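Hi everyone, thanks for coming. Let me put today's protein up on the screen, and then we'll walk through it together.

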Amino acid sequence: MAVKEVTVVPEQRDALTELVQQHVGIGKRWSTRDFSEIAVDPDSGWSPSKSLVGKIIAGNGYTITPPLVSALAVGLGLPREVVAAAAHFQVIGYAESELAGGAPAVLVHRLDASLADAPKSRAVAERWDEEG
């Protein structure tokens with residue numbers, strides 16, 4: 001008897017974009033100009049331009065690079081591993097089991113306010129709240 005293999009499709013969402021959208025833009029903590037000034041990659045000194053930050057919060061396409069992840073982490077005041085998890089979630093996605101701990105778990109909690117369109121992530125976050 002042949003064993004049927006089940007393919008698990010990872011859940012994917014624009015998590016990095018969502019993180020930035022929560023804090024940058026009209027009526028938010030920072031304007032695009034202010035954020036582009038404070039979001040500086042500590043290793044290279046590179047920072048995203050005001051127009052790149054605008055593209056991110058508008059949900060337009062942009063290239064995710066290590067210096068961008070580092071700069072956004074500094075600007076958002078988050079550990080780089082959490083912002084890197086957001087980039088991973090956006091580009092590659094996570095299987096539900098991968099969201100159970102570490103930086104991916106912290107990320108899902110940070111994004112909890114906008115989980116209406118991600119039922120699997122919401123279910124995982126609710127389970128953690130019940131267990132915690």
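What share of the contacts with a separation of 6 or more comes from residues 24 or more positions apart? In the protein chain, that share is 56%, with contact meaning heavy atoms within 4.5 Å.

A quick word on ground rules. This is a predicted model, where local features need pLDDT of at least 70 and side-chain atom pairs count only at pLDDT 80 or more, while totals for chains, interfaces and linings use all residues. Residues are numbered from 1 along each chain as its sequence is written, and side-chain values use heavy atoms, leaving out hydrogens and water.

So, the overall picture: the chain has 7 helices and 0 strands. Helices here are DSSP runs of H or I, at least four residues, and strands are E runs of at least two, numbered from the N terminus. Of the 132 residues, 41% count as buried, which is under 20% relative accessible area with a 1.4 Å probe, protein chains only.

Now the inside. The largest nonpolar core has 31 residues; a core is a set of buried Ala, Val, Leu, Ile, Met, Phe, Trp, Tyr and Cys residues joined through side-chain atoms within 4.5 Å. Helices α1, α3, α4 (66-76), α5 (80-91) and α6 (102-110) each give two or more residues to this core. F35 and L107 have the most contacts inside it. Leaving aside residues up to four places away in sequence, F35 touches V24, W30, V53, L72, G75 and L76.

Thanks, friends, and over to you!

Methods: Buried < 20%, exposed > 50% of the residue type's maximum accessible area, 1.4 Å probe, protein only.
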